[in-house]
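Work through the exercises below with the sequence and the model at hand, and compare each step with the solution that follows it.

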Protein chains: 2
Amino acid sequence: MPRPEKRAAIAKAALAVFLREGYARASVDVIAAEAGVSKRTVYNHYGDKENLFLSVIAETDEGMAEAFTAMLDRTLGEVTDVEAALLAFGREFATAVARSPERSAVMRLLIAEITHFPALREQWGGVGRTQRALADRLADLASRGLLAIDDPVEAAAHFGVLATSMVNNLSLYGAVPVSDERVDELVTGGVRLFLRAHRP
Amino acid sequence: MPRPEKRAAIAKAALAVFLREGYARASVDVIAAEAGVSKRTVYNHYGDKENLFLSVIAETDEGMAEAFTAMLDRTLGEVTDVEAALLAFGREFATAVARSPERSAVMRLLIAEITHFPALREQWGGVGRTQRALADRLADLASRGLLAIDDPVEAAAHFGVLATSMVNNLSLYGAVPVSDERVDELVTGGVRLFLRAHRP
DNA sequence: GGTAAACTACACCGTGTAGTGCAAATCGGC
DNA sequence: GCCGATTTGCACTACACGGTGTAGTTTACC
């Protein structure tokens, strides 16, 4: 029966180190030190480095998906002004992506390591669910006559891309600094394009 | 005076190994072996691993930028049917991104390593130039009344994102296989959205 | 065919790292 | 306060890798 608080400390430190260094550069000794735990304990809890990595990433992805749907409810729960609501959502979405060092670092790590760890593909598939949640919201807005949408799933993909991808491209997923104003411009421009194409 | 053919062989092998393994996992011994060259020769030509990496990436980026502008001229050189031309360009653009293993692997590598090598930022900045080339083309189409565009630079960013980012998101920059049909659907849908928003 | 420069083969050093083993210290629950 | 499980500290193995030194071989060029 391992001690859960130790396990949590290890997970937290491991995530930080993996995000900072990448898988190959991250050393288990450093993780153990940063967790305030002996290296032996790390191995007792997680077996080996690969399993530690995959476990930590899986937990993080889950948390991010939950945070996303929560944000979706918050900003698109009750909509009267479509433009304002979608702009608010887009801004928060992009900010979560561009301004949360953890979130963008997870994306970078996923992109970097997915060819080395096929198991990561399943994690990534989970993003599809979040996009379907957005699609449902958009379909709802369409059925109320606030938007003109044929295919809600496609529209959700378009919206996601217009709200976040320009920022991600510019900042390479948060690795290159981009000013708040620039982020806001890019998001606003993208959402406006979406609205222009889907006005009823 | 080093032998240029050796240098080229090293560069080619190094690129292949870095793209396949990432920087940290790539070993100079393997690169030398794959180049059919002694390890000592690698060091005589490139000094150290970091310099080898940065040199090879720089050359590759340059080649990719050239290929992009060439493709731009080919598909958007003389346009009569805007929709057909933009669809053709979008398809070729996305195919180059999604179907060329090298191109997408370079993107993945860039994203993975940019936090470790600040020098890579300059390479990435070069992409801005390609976007401006596209902006010029779009501005031309707008001045001929074929498109309604206020800000050509912004429009170019939107187009690029709509044509490629959905494919990149789905495939994580080529790491996860996506069918040709799916790629075509995603690109077509994105370009159609662009056209709907910018019809004169 | 000779000469200088480039290349090869190989041994070698230092270092960093994944993972293990084990006795002693520590801690939670009774 | 006792007992069993967990954790610790540390030593240790095995190995891979970046980088160097060198003596000898190949190559380009005159």
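**Exercise 1.** What distance separates the centres of domain 1 of chain A and domain 2 of chain A, taken over C-alpha atoms?

*Solution.* This is a predicted model, in which local features need pLDDT of at least 70 and side-chain atom pairs count only at pLDDT 80 or more, whereas totals for chains, interfaces and linings use all residues. Residues are numbered from 1 along each chain as its sequence is written, chains are lettered from A in the order in which they are written, and side-chain values use heavy atoms, without hydrogens and water. The domain assignment, automatic or from a database, gives residues 1–47 as domain 1 of chain A and 57–198 as domain 2. The centres of these two domains, taken over C-alpha atoms, are 30 Å apart.

**Exercise 2.** Describe the interface of these two domains.

*Solution.* Begin with the contact (heavy atoms within 4.5 Å), to which domain 1 of chain A and domain 2 of chain A each bring eight residues. Next, take the buried area, that is, the accessible area (1.4 Å probe) that two parts lose on being put together, summed over both; here it is about 600 Å², with 74% from carbon and sulfur atoms. Of the area that domain 1 of chain A buries against domain 2 of chain A, A:L15, A:L19 and A:Y23 supply 78%, more than any other three residues.
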